[in-house]
Amino acid sequence: MKRIIFIILLFAFFSALSQELDEMPIYPGCEGIEDKAKRNTCFQRGIMKHFKDNFVYPKIAKKLGLKGTVMVSFTISEIGDIIDMKLVKRVHPVLDTEAVRLVSSLPTMIPAKNHNRPVKVTFTLPIIFRP
């Protein structure tokens, strides 16, 4: 599970880097870290811990043997909220619903910045379901 979440976060981090940003969003608890690289690592670890603590493999999905990768796109807004969530790749309604629930449960963050102004930043995460 740790390996899967790590791969997910690397994918998300690099998709965000493709957008022009001076600062990535800041995950709660990472605010006091001055070094950008360490703060970005804290961001990744925060999301990884959140997913690890909140991931639920639906019982019905296990029973039916459902598995696959749901791709979820979402934006961290200029005020740090999770908005504009879209399922980029669907697998099954049960798994799709859990992926949306998991991403929707992310906490409010300090938004990304460009030219010292808060900006939206979009991420795409693969949520991998394997029984």
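Mentor: Ring pairs join Phe43, Phe74 and Phe123 into a cluster. The model is predicted, so local features need pLDDT of at least 70 and side-chain atom pairs count only at pLDDT 80 or more, while totals for chains, interfaces and linings use all residues. Residues are numbered from 1 along each chain as its sequence is written, and side-chain values use heavy atoms, with hydrogens and water left out.

Trainee: What makes two rings a pair?

Mentor: Rings of Phe, Tyr and Trp (its six-membered ring) pair if their centres lie within 6.5 Å; planes under 30 degrees apart count as stacked, over 60 as edge-to-face and the rest as tilted. A search of the whole structure gives 5 aromatic pairs.

Trainee: Why is the pair of tyrosine 57 and phenylalanine 129 called edge-to-face?

Mentor: The centres are 5.7 Å apart and the planes stand at 85°. The distance is within 6.5 Å and the angle is over 60, so the pair is edge-to-face. The pair links distant parts of the chain: tyrosine 57 is in the loop between α2 (36-54) and α3 (59-64), and phenylalanine 129 is in strand β5 (residues 121-129), 72 residues apart. Helices (H or I, at least four residues) and strands (E, at least two) are DSSP runs, numbered from the N terminus.

Trainee: How do you know whether tyrosine 57 is buried or exposed?

Mentor: Buried means under 20% relative accessible area, exposed over 50%, and partly exposed in between (1.4 Å probe, protein chains only). Tyrosine 57 has 10%, so tyrosine 57 is buried. Phenylalanine 129, at 1%, is therefore buried too.

Trainee: What makes the phi of histidine 115 worth a remark?

Mentor: Most residues other than glycine have a negative phi. Histidine 115 has a positive phi, near 55°, and is in the loop between β3 (112-114) and β4 (117-119). Its relative accessibility is 66%, so histidine 115 counts as exposed. Aspartate 84 also has a positive phi, near 50°, but its place is in strand β2.

Trainee: How do you know that the side chain of arginine 39 makes a polar contact with isoleucine 33?

Mentor: A polar contact is a pair of N or O atoms within 3.5 Å; within protein, one must be able to donate a hydrogen and the other to accept it, and residues adjacent in sequence count only if both atoms are side-chain atoms. The side chain of arginine 39 reaches the backbone oxygen of isoleucine 33 at 2.8 Å, so the distance is within the limit. Arginine 39 is in helix α2 and, at 9% relative accessibility, counts as buried.
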